[in-house]
Amino acid sequence: MMSEQRPSARRAQRTLGWLALAAATMLVAACTTLPTDSQPRAIGTIPQESIATSVPEPTPGIDAFPLVREFLRASADPRGRHAAARKFLTPSADSQWNDNANIVIANRIDVLSEGLRTADTATFAIRAEKVGQLSADGVFTAEEGTVESQVTVVMSEGEWRIEELDNGVVIERPHFLTSYERFSVYFLDGSGEHLVPDLRWAAVAEDQKVSQLMAMLIDGPSSRLAPGVRTRFSGDVRLRGPITKADGRASQVGVGLGGVRMDFQGLGSASLEERRRLAAQIVWTLDSAGIPGPYLIEADGAPLVEEQASGWGLQDVAAMDPASSTATEVGLHAVVEGRVVAVTDSSITPVPGTAGALDSVESAAISHDGRSVALVARSDQSDEAPYQLLIGDYGGALSVVGEGMSITRPTWSTSADAAWAVIEGETVTRVARDAGTSTFSTTTVESGALSALQGQITSLRLASDGTRVALIIGGRVHVAVVAEPRADEFTLVNPQPVALNLTDTAVALDWGTPDALLVVRGVADAPVARVSADGSRVEQLPRSNLSPPVTAVDASPTTEYVTDSRGVLRLGRDEPQGERFWREVTRLMGTDAKPILPG
C-alpha cells in the first residue's frame, strides 16, 4: 500500500526534467500586505524561459535618473531571469546581479540623487517603504520597514546603464500585481481527510499553468506549511510524460475547453482511497486556478480509478471540498445574556442541557458536526470569580476541564472530540475526549514559537482544516501552523504576522473561508476587515448600518456575523457589491449577544 508522505521526506525529489525546469522558473513570492483596491488573482502570467519572448530595450538616449525609474518598473517582469531589467545593466553588472536573492514588495519607491554627478557617472539612492517579501517557494509574508540601496549609473557605449546595484529585486506593489498572481495548491491534513490550501504566488503563462501547478504539487508544500500537512504524492510518484489536453494535444493545455490529461507512475500499490485523495488534490488545485476539466488522471496508462475513466470533476471529490461548511445544517446559535441559545428567524430558544441552563456564559463554540459544545463561564456570580472551561455533548451535561482568570473563546478541531482555548493569555490548551471511555484529557500545546511575539493571546481560532490557527497577540493578527510531530502531541510553528496595517487594534477574529480571516477592530472608522491568510490583501468591509464598537465575530464561507453596540448583524458574501450592507438579525438586536457558527 502506498503510504502518505510527510513533505520533508521528499523535498529533494524533483519531477521529470521538463517539469523540473518549470518549477525552477517559478518566481519567489513575498511577504506583504497589499492594498484594498488590488485583487490578487489565482494564476500566473509569465511564460517559461523556453518560450521566446521579445524584451523591450531601454528608451534610446534616456538620462540617468529616468533610466533608474524604468529599471525599477522593468524589474516587475520576471521573464528570462528578469531579462527586461537586465537590459538596463552593463555587461559586467548583468553577469554579477543575482536577481533571485530576494524580492521585496514596496508601497512606494523613491529614487534620490546622491553625490556629485559627472558627465559619465551618477549615483542614486533607492528608498522603498516595504510591505512584504516573496520567499523562494512562492510564499508571501507581511513585513514593514524601509529598504535602502544604492545604484551607480555609468555612460556605456553612448548610453546610460547601471554598473553597480544590490542583489535582489524591489517591486512597486501595482507592478507586482500586474506580473504575479496567487493561487491555492492543496495538500492533506494529518488525517488525510481534509484539504489544506497552500497559498503561493508565481508568474506563469496561461498555457503553462497546469505544468506549474503540478510541479508544485509533486514537489510538495511550501516550507512554512510543510510541518502540518501530508501529501499523496509519495517519493515514487511522478509524471510519465507531458501533460496534454484530453485528446492528446500538447498545445494550449488548460486554456479553454478540451480538459486535461496526465499519466503517473509509482501508484501501483496505492489503495482506492489513496488514489481518490490524490485526485482530490489535483482537481481542487486545478479548478481553483480556473483550469476547466474534465481531468483525465491515469496511472501507468490506465485510469487512476476505473469508475472515473471519462475524467474527474468537482462533483467526484465534493466530499473533500475545502470550503465546505456545516453552518446551514447546525444552524445559528448565540450567547444571549449569558445563555447559549439556538436562533431562527422566528425565535431564540435555550439549547438543552447544561449549556442552556447556565446564565453566566461568556463565550461558546459548537463542533462542526453539531454534536459537542464547549463554553467559558464564570464559576459563580461574582465578577471576581475565575472562568471555567466546560465541554461535553450538545444537549447533555458538561464537564469542567480548565480554569483561569482569562480563557479565550473555545474553537473546535475538525472532529467533535477536541477543542482548543488559551488560558491566562499564554497557555494554549487542547481538550480531547477518549472515544472509548468518553472521558476528557487536557494537554498543553507547545507554543514556544509564539514567545517572541509580545502580548497576551486574546483570541485563537482553528481553520476548518485544523491545520492552521489564527491568533490575536497583543492586538496583532498572526497565523501559525499546527504540527503533530507525535501522536496526540501538538505544537504551533511558523507564526507569521498578517494585516500589519491594522496595527494593534484587533479584538476578535474568525476564519471566513480557508484562505481568509474576518477581523474585528477596536476603531470606529473601519471596524471590520477581511484579511487573506497569507497577509497579501486587506479589504475593509462596508460599515453601513454598523454602530461601533464592534466586539465579536463569527463567519462561514457564505455569511459573516458581527456584534456591535446594538446587537448582531450579518453580511452575505453573495450580495451584489453595490448593495452590500450589514443587515440586522432581528432576534438578536437590542440585547447582549454573540453569534456562534460551527467550528
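The largest cavity in this predicted model is lined by 16 residues, and Arg224, Arg468, Val479, Ala533 and Asp534 are the ones that lie nearest its centre. Two or more lining residues of the largest cavity come from each of strand 8 (195-202), strand 26 (476-486) and strand 27 (489-498). A cavity is here a set of points, on a 1 Å grid over the protein atoms alone, where a 1.4 Å probe fits but cannot get out, and lining residues have an atom within 4 Å of a point. Helices (H or I, at least four residues) and strands (E, at least two) are DSSP runs, numbered from the N terminus. Residues are numbered from 1 along each chain as its sequence is written. As the model is predicted, local features need pLDDT of at least 70 and side-chain atom pairs count only at pLDDT 80 or more, while totals for chains, interfaces and linings use all residues; side-chain values use heavy atoms, with hydrogens and water left out.

The volume of the largest cavity is about 210 Å³, a volume being the space filled by probe spheres set on the points, with grid points joined across faces, edges and corners. Its lining divides into nine nonpolar, three polar and four charged residues. In this classification Ala, Val, Leu, Ile, Met, Phe, Trp, Tyr, Cys and Pro count as nonpolar, Asp, Glu, Lys and Arg as charged, and the others, Gly among them, as polar. The count of cavities of 30 Å³ or more comes to two. The second largest cavity has a volume of about 30 Å³ and is lined by Arg476, Val477, Val498, Ala499, Leu500, Leu502 and Thr503. By class, five residues of this second lining are nonpolar, one is polar and one is charged.

Strand 30 (residues 528-532) is mostly covered, with five of its five residues buried, where buried means under 20% relative accessible area with a 1.4 Å probe and protein chains only. Val528, Arg530 and Ser532 point one way from strand 30, and Ala529 and Val531 point the other way. In a regular strand the side chains alternate between the two faces of the sheet.

Strand 30 pairs with strand 29 (residues 516-521) in the antiparallel sense over five bridges; two strands pair if DSSP finds at least two bridges between them. Serine 532 in strand 30 is the bridge partner of alanine 516. Six residues lie between strand 29 and strand 30 in the hairpin that they form. Strand 30 is also joined by three bridges to strand 31 (residues 538-540), and the two run antiparallel. Here valine 531 has valine 538 of strand 31 as its bridge partner. Strand 30 and strand 31 form a hairpin with five residues between them, and glycine 535 in the turn has a positive phi of about 80°.

A further sheet, open and of four strands, has the order 15-14-13-36 with antiparallel pairing. Strand 15 (348-350) and strand 36 (593-596) stand at the edges with a single partner strand each, so one side of each is left without a neighbour in the sheet. Strand 13 (residues 333-336) pairs with strand 36 in the antiparallel sense over four bridges, and alanine 593 in strand 36 is the bridge partner of valine 336.

Helix 6 (residues 209-219) is likewise mostly covered, as eleven of its eleven residues are buried. Among them are Lys209, Gln212 and Asp219. Just after helix 6, glycine 220 takes a positive phi of about 105°.

Key
1 Å grid on protein atoms, 1.4 Å probe; cavity = no way out; pocket = protein on both sides within 12 Å on 5 of 7 lines; lining within 4 Å. Buried < 20%, exposed > 50% of the residue type's maximum accessible area, 1.4 Å probe, protein only.
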